[in-house]
Amino acid sequence: MFRLHLIRYGTKFDIVGKTKYLLSLAVALILVCMGSVFIKGLNYGIDFQGGYIFEVKIPGNPDIQTLRDKLGKLGLGEVAIQQFGASDEFSIKLEKSEDGAEQTVAIQKVKGALGDGVVYKKVETVGPKVGAELVSNAIKAVGFALLAMLCYIAVRFEWQFGLCAIAALFHDCAIIFGMFSIFPMEFNEMSITAILLTASYSINDTVVIFDRIRENLKRYKSLELKEIVNKSLNETLSRTTLTATTTLLSVFALYIFGGKVIAAFSLPILIGIVVGTFSSIFIASPLLVFMNIKPKKEKGAPEAANSM
Amino acid sequence: MIVVSKFRFLTTVCICLIGLIIAIPSSLDQKTFDKLPAFLQHTVSLGLELRGGSHIQLEVDMKTVEKEHQESIVDEARKQLRKERILYKKISVQQITKGGSTATLISLKNEKDADKVKKILLKIEPELEVIAEGAEIKASISEEFLEKFAKRIVGESIEVIRRRIDEAGTKEPTILRQGYDRIIVQLPGVEDPAEIKKRLGKTAMLTFHGVDEELETIPAQAGTRPKLPVKPGVMYLPEDKGKGVVYYVPVKKQVFLTGKSLVDAQMTIDPQTSMPCVSQKFDKIEGTRKMAELSSKYLHKQFAMVLDGKVLSAPVFQAVINNGTAVVTGHFTMEEAQELALLLRAGALPAPLNVVEERNVGPSLGADSIADGKLATLLAFALVSLFMMLSYGKFGGFSVISLTFNIILLFASLTLLGATLTLPGIAGIALTIGMAVDSNVLIYERIREEIRLGIRPAMAIAQGYKMATTTIIDSNFTTLVGSIVLYEFGSGPIKGFAVTLAIGTIISLFTTFSLTKAVIAIWLKKHKNQDIVI
């Protein structure tokens with residue numbers, strides 16, 4: 001019977017032996033990404049910066065430059081106009097952010113400047129206060145969520161495992177942030193969700209491998225840690241790639257057919273799943289070798305693995 | 001052998017069937033949906049970005065509230081100090097922080113009075129924090145009290161907002177408290193909320209005052225402010241007379257009657273002038289009595305009806321009003337009179353509201369997003385199913401069954417919990433599809449390993465389940481812990497995403513350990529002695 005095998009049975013890759021190169025690669029990538037974030041910055045959406053977004057359908061193929069000039073005169077800060085979909089559909093972003101009654105005035109101004117016959121598909125305004133709040137809330141939410149996941153790992157495994165998971169997560173987040181900066185994708189509340197999803201996928205992936213390492217630590221008491229990690233990685237490699245593939249397939253469907261908004265959200269997730277899978281295999285687990293983990297005495301861990 | 005007890009099997013089937021029944025209405029078109037019995041007419045509620053509508057975040061202007069409260073304390077304190085014959089150099093409300101917090105500052109002539117003043121202030125408002133340094137006294141409102149205060153004011157505001165929006169006939173508005181001083185108003189189907197925003201922007205505080213007889217009403221051009229005489233207890237308020245003329249009316253500060261005592265307000269036409277006006281009816285007890293009191297005190301004299309610091313009209317009482325009614329005649333158009341009647345009926349806001357965030361989505365964009373989301377989800381389902389069957393053959397097929405029920409149960413849970421499906425939620429569903437098969441992959445891979453070790457297939461399946469359990473629980477719990485925390489602290493789209501992720505995780509645990517297991521157990525029973533290839 002035909003079976004699709006992404007990874008053949010019984011691989012014996014020496015992944016831990018290449019830790020030096022892989023870690024250098026990861027560190028280099030992180031440096032590039034963080035560098036870009038610090039130097040080039042992020043392309044914040046109005047969620048975080050405050051401002052106005054109009055998605056409009058303007059009849060009669062207007063010229064972008066004329067539109068820009070018209071809107072530039074309103075004194076609402078920098079104007080960014082983007083065409084999308086059909087040639088008469090535009091997304092207009094104005095940078096100035098205000099609170100209260102000025103918002104309504106500004107919307108009326110823009111509507112006046114664009115004239116009649118325009119269909120408004122979406123109008124959004126975010127005041128500066130809300131913007132600042134969204135940032136701090138998002139950071140808080142993400143921070144606590146990661147912390148909770150790490151606590152769970154520390155309780156279920158050992159603190160060393162938690163530490164390695166942190167390193168892998170840091171790698172994932174740094175690279176995705178970098179991607180947002182290098183290919184200037186708009187960074188908004190949805191992007192935070194994308195990062196979170198990546199983080200939770202990556203940690204999920206890491207836990208599965210850690211689980212196998214924990215099990216093998218108990219089963220092969222005489223083996224060196226390095227060999228145990230290698231063995232566990234190879235044993236789980238098939239599952240790791242299979243699950244990454246099914247997840248990538250569905251995110252890919254989202255990216256291609258999900259429409260503009262969902263596509264913008266799926267792209268970082270696509271990258272994130274690749275990065276997350278990479279970090280689980282090549283960072284989180286090999287790092288354990290440096291952690292001086294002693295073969296476990298029967299304590300804390302569940303007994304399922306021993307009950308053969 | 002893996003064994004699924006009869007009880008467990010039946011429970012699993014029941015849950016799946018119930019889920020199916022709950023989820024189906026969401027997938028029907030409107031016509032078929034209307035034919036369903038009422039208890040089945042529940043669908044997943046769609047977020048605003050999917051159904052189109054308007055989302056407005058309002059902030060209660062607590063700084064103004066705080067300042068007004070302080071000013072009322074100062075007014076009261078002045079009276080008390082006079083009564084007690086305590087001399088002071090200065091008493092005022094001042095801003096003490098950059099953020100706009102205010103405090104009452106009193107500087108006394110005699111240091112010895114400080115304790116007495118402290119007592120007086122605390123009697124007026126027990127929640128004050130009073131600090132005395134020699135003859136200087138500073139009284140500020142404590143943070144906790146402000147918070148309590150804000151809570152009450154936000155609660156009252158929500159009631160008033162609801163009445164104003166209901167009066168306007170908007171369907172299914174959602175009005176929620178957000179954080180400390182915020183209110184979120186969601187109006188499905190409303191594309192341009194300018195009207196409603198205008199309506200929410202007004203405090204609509206109606207008050208009745210006497211007009212000072214010694215001072216004169218001063219006419220002025222609109223936009224200019226003439227020099228106005230000052231007299232304690234009297235304030236000049238503008239009255240719009242139309243045609244660019246504004247009268248400044250000397251209104252006594254004392255309030256006789258407020259809009260709180262109103263039971264009804266309607267637009268009517270004044271039979272004499274055939275101009276639109278607003279008739280008001282006050283409640284039987286307080287309103288009627290006070291109206292009678294005011295009208296007898298000011299009989300043949302001028303009084304003023306004031307709305308939000310502007311005089312609506314300042315007529316003369318021609319007779320004592322005993323039936324508790326009044327008519328506001330101003331320079332209204334029909335619409336303005338109707339609007340005023342509506343605002344008066346709905347009651348006054350306890351504090352001014354500012355719009356701090358606004359998001360409007362047209363219905364076409366929402367419909368597009370739903371259509372795209374459906375297509376993407378179906379496609380994700382098809383791709384993952386195909387891949388699973390290519391990888392695991394029959395057993396891949398088993399996980400497709402559980403995947404199907406995963407989606408059905410996810411929709412059923414969203415419907416039951418009344419959770420809102422948002423755009424990130426749709427993405428969450430498609431992702432759940434990708435990740436839901438993970439548990440199956442883990443088990444199947446484990447089974448393959450066991451078979452390679454030479455264990456009999458039936459035994460290997462049992463062993464595979466057993467060995468993978470810890471891993472599955474650990475990995476899913478990590479996700480679950482993360483999404484619960486995310487739900488707790490996140491807002492807006494993050495919350496919506498966390499809900500789908502958490503529910504999806506729980507359901508995939510259920511389908512893996514109940515549904516797929518049951519299907520495999522049944523299949524194994526029928527094919528006891530066959531060779532199993534996974």
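## A hairpin in chain B

Glu129(B) faces Ser140(B), which belongs to strand 6 of chain B. This pairing is part of a set of six bridges between strand 5 (residues 128-133) and strand 6 (residues 136-141) of chain B, and the two strands run antiparallel. A word on terms: strands (E, at least two residues) and helices (H or I, at least four) are DSSP runs, numbered from the N terminus, and two strands pair if DSSP finds at least two bridges between them. Two residues sit between strand 5 of chain B and strand 6 of chain B in their hairpin, where Gly134(B) has a positive phi near 60°.

Before going on, please keep in mind that this is a predicted model, in which local features need pLDDT of at least 70 and side-chain atom pairs count only at pLDDT 80 or more, while totals for chains, interfaces and linings use all residues. Residues are numbered from 1 along each chain as its sequence is written, with chains lettered from A and ligands numbered from 1 in the order in which they are written.

## Domains of the two chains

Chain A is split into domain 1 (16-44 + 131-306) and domain 2 (51-126), with bounds that come from an automatic or database domain assignment. The C-alpha centres of these two domains of chain A are 40 Å apart.

Chain B has domain 1 (6-49 + 364-526), domain 2 (63-145) and domain 3 (208-331). Between the C-alpha centres of domain 1 of chain B and domain 2 of chain B there are 62 Å. For another distance in chain B, take Phe510(B) and Pro271(B): they are 239 residues apart along the chain, and their C-alpha atoms are separated by 73 Å. Phe510(B) is a residue of helix 14 of chain B. Phe510(B) counts as partly exposed because it has 19 C-beta neighbours inside 10 Å. For that label, a residue is buried if 20 or more other C-beta atoms lie within 10 Å of its own, exposed if 12 or fewer, and partly exposed in between, with C-beta atoms placed from the backbone.

## Where the chains meet

On the chain B side, 65 residues are in contact with 64 residues of chain A; contact here means that the C-beta atoms of two residues, placed from the backbone, lie within 7 Å. Elements giving two or more residues to this side of chain B include strand 19 (353-361), helix 10 (363-392) and helix 12 (423-452). By residue type, the side of chain B that touches chain A holds 34 nonpolar, 20 polar and 11 charged residues. In this count Ala, Val, Leu, Ile, Met, Phe, Trp, Tyr, Cys and Pro are nonpolar, Asp, Glu, Lys and Arg are charged, and the others, Gly among them, are polar.

Strand pairing also crosses between the chains: strand 5 (residues 119-126) of chain A and strand 19 of chain B run antiparallel, joined by five bridges. Lys122(A) has Val361(B) as its bridge partner, and Val123(A) stands opposite Asn360(B). Strand 5 of chain A also pairs with strand 2 (residues 51-57) of chain A, in the antiparallel sense, over seven bridges; there Val56(A) is partnered by Tyr120(A). Six of the eight residues of strand 5 of chain A are buried, so this strand is largely enclosed by the rest of the structure.

## Nonpolar cores

The largest nonpolar core has 203 residues, and Ala380(B), Ala430(B) and Ile433(B) have the most contacts inside it. A nonpolar core is a set of buried Ala, Val, Leu, Ile, Met, Phe, Trp, Tyr and Cys residues joined through C-beta atoms within 7 Å. Leaving aside neighbours within four places in sequence, Ala430(B) touches residues of both chains, among them Ser250(A), Leu254(A) and Ala380(B).

Helix 11 (residues 394-417) of chain B has 24 residues and spans 35 Å from its first C-alpha to its last, close to the expected 34 Å; the expected span is 1.5 Å times one less than the number of residues. This helix of chain B is largely enclosed by the rest of the structure, because 17 of its 24 residues are buried. Gly418(B) follows helix 11 of chain B, with a positive phi near 70°.

Strand 15 (residues 276-282) of chain B is mostly covered, with five of its seven residues buried.
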